[in-house]
Structure formats: structure tokens, C-alpha cells
Amino acid sequence: MDPIDMVVTDINCEDLGLSRLCLMENAGKCLSDEIATISTFTFSKPVKIAIFTGSGGNAGDGFVAARHLLNRGFEVEIFMLTSPKDIKSIDAQINFEILENMVPRISRLNITELNDSNDIDNIELAKSESFSEYIIIDGILGTGIKGDLRKKS
């Protein structure tokens, strides 16, 4: 889908009474279902889930997936490439706040804000030799991306 097709689809869903928050919930739940299937049939040992999020709607899909994966017993690490206050999607912000409220009660959830590329060197995932103990989810890039990818300065 082109970005404009996605916008039109979202608007049509809203006109039919299906909110963007509901669409995000469904996307995140389906993602968690697929991750659980991959984990079960691909790995011979428990895996950790690493979710990288940006500031848009895909971050919200990642936050929803994290919640469902936590409910399935997975250990989840979220690496945010933006400050929580800079999340642009209202629906993603709502789902982040739900996760944030779970943190004191869910010890299998770790949320880390990555301020620059130097922070990546300090996370456990970057120190892994094979990455075979992780399933990595991209909650950064989506249909709202503009221009070419570039290095963050």
C-alpha cells in the first residue's frame, strides 16, 4: 500500500465506525499472535522480544503487541527512539501510557529510551553474539515515512 492508500483506508474505517485505536489494537494483537507462533515453531528455547519504536502509529502497534506478548509470558524490551512526550500519534500515546502503568506490576517489561546511537552500545541486545535469543520487531517505519532513510546525527 502507498501511504495515501493507508490514509484512505483508515478514514474509510473511521467512517464505518471503526476507530484508529481499534485498528491499532487489532494490528498489535495480530503481530503478537504471529510472534508467538514463530517463537513456538522456530526456537528451541524461550526468546526475548525486542521492540524498537519511533513516534508514529507503528510505535502504537508495537506497544499493543508488547502488552499481548507480556500476557502470554514473554520477556519484552522496548527501545524507544523518541521521548514518550514526543510520540506524535495520539493512539500510540494512549497505548504507551497503558504499558507505562503496567511497569510496576510486570517485571518482564523493560522500557529504555535511546537518545542517540551511543546508547545502543549499552543495551544487552547489542552485546549478543548471535541474536538467536531475540525476536526483533520494527515499530519505527511505516507508511508515514517521508524521504530517504538517513543517518541520525
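So, where is isoleucine 11 found? Isoleucine 11 sits in helix H1, residues 3-15; helices here are DSSP runs, H or I, of at least four residues, and strands are E runs of at least two, numbered from the N terminus. Quick caveat: this is a predicted model, where local features need pLDDT of at least 70, side-chain atom pairs count only at pLDDT 80 or more, and totals for chains, interfaces and linings use all residues. Residues are numbered from 1 along each chain as its sequence is written, and side-chain values use heavy atoms, with hydrogens and water left out.

Back to isoleucine 11: its relative accessible area is 38%, so it counts as partly exposed, meaning between buried (under 20%) and exposed (over 50%), with a 1.4 Å probe and protein chains only.

Now the sheet. It's open, with 4 strands in the order E3-E2-E1-E4 and parallel pairing; two strands pair if DSSP finds at least two bridges between them. At the edges are E3 (109-113) and E4 (134-139), each pairing on one side only. Strand E1 (residues 48-53) runs parallel to E2 (residues 75-80), and 6 bridges join them.

Last stop, helix H2, residues 20-42, which holds serine 32. Buried or exposed, that serine 32? Buried, because its relative accessible area is 0%. Setting aside neighbours within four places in sequence, serine 32 is in contact (heavy atoms within 4.5 Å) with Ala65, His68, Leu69 and Arg72.
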